[in-house]
Amino acid sequence: MPSPLEGGGPASRGARLKVGFSLFWRTFFLLALLLVGSTVAWLQTFRQLEYEPRAIQTAHQIASLVNLTRAALLYSDAITRMSLIKTLADQEGVRILPREPADRFAPYTSGALDERVTEELIDRLGEGTVVASQVNNQAGLWIGFTIETDNYWLLLDPTRFSRVGGRTWLVWLITAMALSLAGAALITRFINRPLSQLSRAAREVRDGEYEAHRLDERARTNEIRAVNIGFNRMADQLAKIEQDRAVMLAGISHDLRTPLARLRLETEMSVEDEDARAHMAADIAQLDSIIDKFLDYARPDHVDFKPVMLRDVIDACTYAVQDHEDVKIKVDVAPDLAVMADEVELTRVVSNLVENARRYGKSPATGVADINIQAQAHNDAVLIKVRDHGAGVAPALLSQLTKPFFRGDAARTSAAGAGLGLSIVAKNIDRMGGTFALTSTPGRGLAAHIRMPRAAAGVKPKPPAPKQAA
């Protein structure tokens, strides 16, 4: 059976698939799309609205310059006319040239705005006006006009009347989009911050940290304030319920220990039949083990993480049962493999899994529980598998086996128990930052899979504890 925890397990794979699709990014992209679309539409509208006034203004300026030049030339003598032409060329950059019939010119129609300017100039200066972008291979803004019977060219610098270029529009567009995206990010963060805090608090409550993150009960928004108050009250009630449950289990377990001790003493002293005495002692021992399970389940959620040599823990947990005739244990764990865990909690985990396999994993053919314990490093984690070869359970029941007090079908409940073993395992593994999963093949056994953080290299194994005689 392959481990379902390879590659990080189902939870982490699901988390990776959801990266980039959080509510923040969805809201941000929708706002960004709206703002960018609005900005582009606004710029396009502005360009269209700006197009007609700019064309008319440009045509008015050129027509005024042509009319002033025409009037100055018309009412000046020959000497003054030459001086005027020279002054216009030197000071205003306007050249007056005679227009010859053989002149070759290109119409001033390089764009929609140029065509609109040409139409407006012809309308203002009259028929016969020529507007060219090139005359005799010389580029510029050429205006052909007539003074009495003489034809002239008026050469202007076209940059004096150029429209707003594409680079300017692009700069405006980039600036507007950058401001829009920054505003969208701020708005989205402001809107999603309470939801993010609620999600984080819910995650901590799910992990049992009831007091780690309290939501703000003085938020300005009425709905958010009501949700925060309700959530905090719910967390308080859950914390109280959890505390009462742990206290109740611990109290009941503690109170049962005294009468059990008296029963054990009275059994040893008062029951003469050896067979009856042995059965009564076994029942009392079973009750005592159930009480231990209650105490383990009610134990506070405090763990002390440190590098732990996995093989040492497994050897300590299997030492007490390895010589039993109804158990065969095979361990395949490297002696230098270390995990980051609480040694006491990890010992409880392995002990519960071994005991669960010993009780419920006996092969129907031989009546012997064949238990395989394997572990291997996988990137920055260690994958552990404890498998038996018993009857197994139906796949539909796997998700129920880790619930407190749940007991599976008759094939795995031949021995008495409280139904807390796998619940304690799942709870302890979760407290230590690991992942726990079960797989089963009916008729071929049940396998428990654990994924634990791997300890850094260089941790020296502890010397094995001296073994005591059974």
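Trainee: Is Glu345 buried or exposed?

Mentor: The general idea is a scale of relative accessible area: buried means under 20%, exposed over 50%, and partly exposed in between (1.4 Å probe, protein chains only). Glu345 has a relative accessibility of 3%, so it counts as buried. This is a predicted model, in which local features need pLDDT of at least 70 and side-chain atom pairs count only at pLDDT 80 or more, whereas totals for chains, interfaces and linings use all residues. Residues are numbered from 1 along each chain as its sequence is written, and side-chain values use heavy atoms, with hydrogens and water left out.

Trainee: With which residue does Glu345 form a salt bridge?

Mentor: Side chains of opposite charge can pair when their charged atoms come close. The criterion is a side-chain nitrogen of Lys or Arg within 4 Å of a carboxyl oxygen of Asp or Glu. Here the partner of Glu345 is Arg431, and the closest N and O atoms are 2.7 Å apart. The pair links distant parts of the chain, 86 residues apart: Glu345 belongs to helix 9 (residues 343-360) and Arg431 to helix 10 (residues 421-431). Helices are DSSP runs (H or I, at least four residues), as are strands (E, at least two), numbered from the N terminus. Arg431 is also buried, at a relative accessible area of 14%.

Trainee: How many salt bridges does the structure hold?

Mentor: The structure holds 7. One of them joins Arg233 to Glu217, with 2.7 Å between the closest N and O atoms. This pair also links distant parts of the chain, since Arg233 is in helix 6 and Glu217 is in the loop between helix 5 (166-206) and helix 6, 16 residues apart. Both count as partly exposed: Arg233 at 38% relative accessibility and Glu217 at 26%. A further salt bridge joins Glu355 and Arg359 (2.9 Å, N to O). Those two residues both lie in helix 9, 4 residues apart, about one turn of the helix.

Trainee: Why is helix 10 said to be largely enclosed by the rest of the structure?

Mentor: Helix 10 is so described because 9 of its 11 residues are buried. Among them are Leu422, Ile424, Val425 and Ile429, as well as Lys427 and Arg431. After the helix comes Gly433, whose phi is positive, near 80°.

Trainee: Which residues touch the most other members of the largest nonpolar core?

Mentor: Such a core is a set of buried Ala, Val, Leu, Ile, Met, Phe, Trp, Tyr and Cys residues joined through side-chain atoms within 4.5 Å. The largest has 37 residues, and Leu310, Leu353 and Phe436 touch the most other members. Elements that each supply at least two residues include helix 8 (310-318), helix 10 and strand 11 (435-441). Helix 9 gives the most, with 6 residues.

Trainee: Where is Glu272 found?

Mentor: Glu272 is in the loop between helix 6 (222-270) and helix 7 (274-297). Its relative accessible area is 77%, so Glu272 is exposed.
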